[in-house]
Amino acid sequence: MARYKHYDYNQLMLVPVSLEEQLIPGTLEYAIHYVVEERLDFSVFDDRYRNDDTGRKAIDPKVLIKIVMFGYSRGMISSRSLERACRENITFMALSCGKSPDHSTIAAFVSSMPNQVESLFTEVLLVCEEEDLLDGTHFSLDGMKLSSNASKEWSGTFSDLKKKQEALERKVKEAVREHRLADKKERGKAATDRLRRQKRIKRLKQKADRIEKFLVENKPKIGSSGKEIQSNVTDNDSAKLTSSHGVLQGYNANAVVDEKHQIVVHAAVFGNGSDSTHMEPMLEGAKEKLEDIGWQEPLKEKQISADTSYYSVKNLEACKDQHVDAYVPDPQFRKRDVRFADADRHRRSVDKRHERYKSKKRWFSVEDFRLDDRTGKLICPAGHGLYVKNRNFTTADGHKAIAYQAPKTGCRNCHLRSKCLRNPKTEARQVHVFYGKRPGSITDEMKQKIDTPEGRRIYSKRLGIVEPVFGNIRACKKMDRFTLRSQGKVNIQWMLYCIVHNIEKIINYGKSYAVSPT
């Protein structure tokens, strides 16, 4: 007969645990512990507490920041998961030194440190500088769009939200009427159904009141074009963003990254998806932080690379004002790149819908017109001649061109009219033929710079500098959405993640992280 060792779940065990021994040098938890204890100044948190003489003693901010940063490194964003980890996970117990802060304490701590997180970020950046992890010759700027703690269903213009409120109020009236009729028929017999109807009425009324309160307390949001854009009742600082993951309600998280070891030197979030105005605040923020760690004129004549979403006159002017050597290509730069001249031959012949890879151009463009040197007219695809209307035409963005216009009689009954005129009400086609390079144009200057072999080589560094940072934060640290609301609080969460990223660089490439704290 087989024999087995006896076991009894009622027995007790005394297991001696040394918290310090759980923090092994060479691990991220040790690096967080060492940096927080030995290299950061937490006196900036003292003003938050007023318990010198009365009141309960507070949990040390050092303990809370260790819990939060290590939790973020493990993809644990919610305060409840961090609370549970402090009671169940030995590493969290070691970092918290046996303290078990509840989720409300953790959440309140994270969401109320906008000034302190800036100070912590700068101090960690100083540690990176002391560990010789910064180069300061090439920086890359990019953004990552993440969902916020808000629903797309609560977005819309003020007129849309007003219609939604009115629709909810109609539903409330209908629900009340149905509830009264049901009460008369049932005469109080089905108490469960009655309670369910009451809860539905209350829920609908709360939604309608919430929209009404929002419309009273807020004003319509105006976009860069001067027209109203959608607001959001849940988090009005967020915006609808189009990303590779679809349309989401969230924030555009930006970061400026140093080339040497991908250290984040500045991080900020914006409540709009367009990067056309983000260069100036990001450069200013990076300049301030680098100056705080002792650098003199940190961005002057330094290389800055950014992708095509940052290509705008305002961003290029911001680079010029900061005297940086910028490399920001226009959206069409790859079409001019000789290295991609035969790229079409590598495409699949058909896509998943069995349609050929070719442009589905609906209307004739300038390339479909030809110039008749003898008459000086522009000949359209139908064979009609367009006469010169204005030789000194200037577009809204400063381009010089010759404006041609077709005769009304030529376009009126043309068999190609539907492919030539986008608006059926337009009487005659107009074509603008642009002149050569414009002297003094900041955009043309950038195009010429990017088209050189040296420009393409320098810009190609961007992919290996900033993209790994977002890959680490999003894929390895599981930062796929923000859990807080309002731009100020979301910015705290984003900067904390970037601090964790920088500390991980310290442990991987620093020289003194393994020194035990005294």
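Trainee: Among contacts in the chain between residues at least 6 apart in sequence, what percentage join residues at least 24 apart?

Mentor: The model is a predicted one. Contacts between residues at least 6 apart in sequence are the set to consider here. The share of that set joining residues at least 24 apart is 68%.

Trainee: How many helices and how many strands does the chain have, and what is its radius of gyration?

Mentor: The chain has 18 helices and 15 strands. For 518 residues the globule rule gives 24 Å, and the chain is well over that, so it is more spread out than a compact globule. Its C-alpha trace spans about 105 × 80 × 70 Å along the principal axes. The radius of gyration is 31 Å.

Trainee: How far apart do the centres of the positive and negative side chains lie?

Mentor: There are 93 positive side chains and 71 negative ones in the chain.

Trainee: Is Asp142 buried or exposed?

Mentor: Asp142 is found in strand β1, which covers residues 138–147. Its relative accessible area is 5%, and the cut-off for burial is under 20%. Asp142 is therefore buried.

Trainee: Which side chain does a polar contact join to that of Asp142?

Mentor: Leaving aside neighbours within four places in sequence, Asp142 is in contact with several residues, among them Asp307, Tyr310, Arg462 and Glu467. The polar contact between side chains is 3.1 Å, and the partner of Asp142 in it is Arg462.

Trainee: What is the phi of Gln262, and where is Gln262 found?

Mentor: Most residues other than glycine have a negative phi. Gln262 is not a glycine, yet its phi is positive, near 55°. At 16% relative accessibility, Gln262 counts as buried. Gln262 is found in the loop between β7 (246–258) and β8 (264–270).

Trainee: Does Ser486 count as buried, partly exposed or exposed?

Mentor: Ser486 lies in the loop between α17 (467–476) and α18 (487–509). Its phi is positive, about 85°, although Ser486 is not a glycine. Buried means under 20% relative accessible area and exposed means over 50%. At 23%, Ser486 therefore counts as partly exposed.

Key
Residues numbered from 1 in each chain as written. Heavy atoms only, no water. Helix = DSSP H or I, 4+ residues; strand = E, 2+ residues; numbered from the N terminus. Rg over C-alpha atoms; globule rule 2.2 N^0.38 Å. Contact = heavy atoms within 4.5 Å. Lys, Arg positive; Asp, Glu negative; His and termini not counted. Charge placed at Lys NZ, Arg CZ, Asp CG, Glu CD. Buried < 20%, exposed > 50% of the residue type's maximum accessible area, 1.4 Å probe, protein only. Polar contact = N/O pair within 3.5 Å; in protein donor to acceptor, adjacent residues only side chain to side chain.
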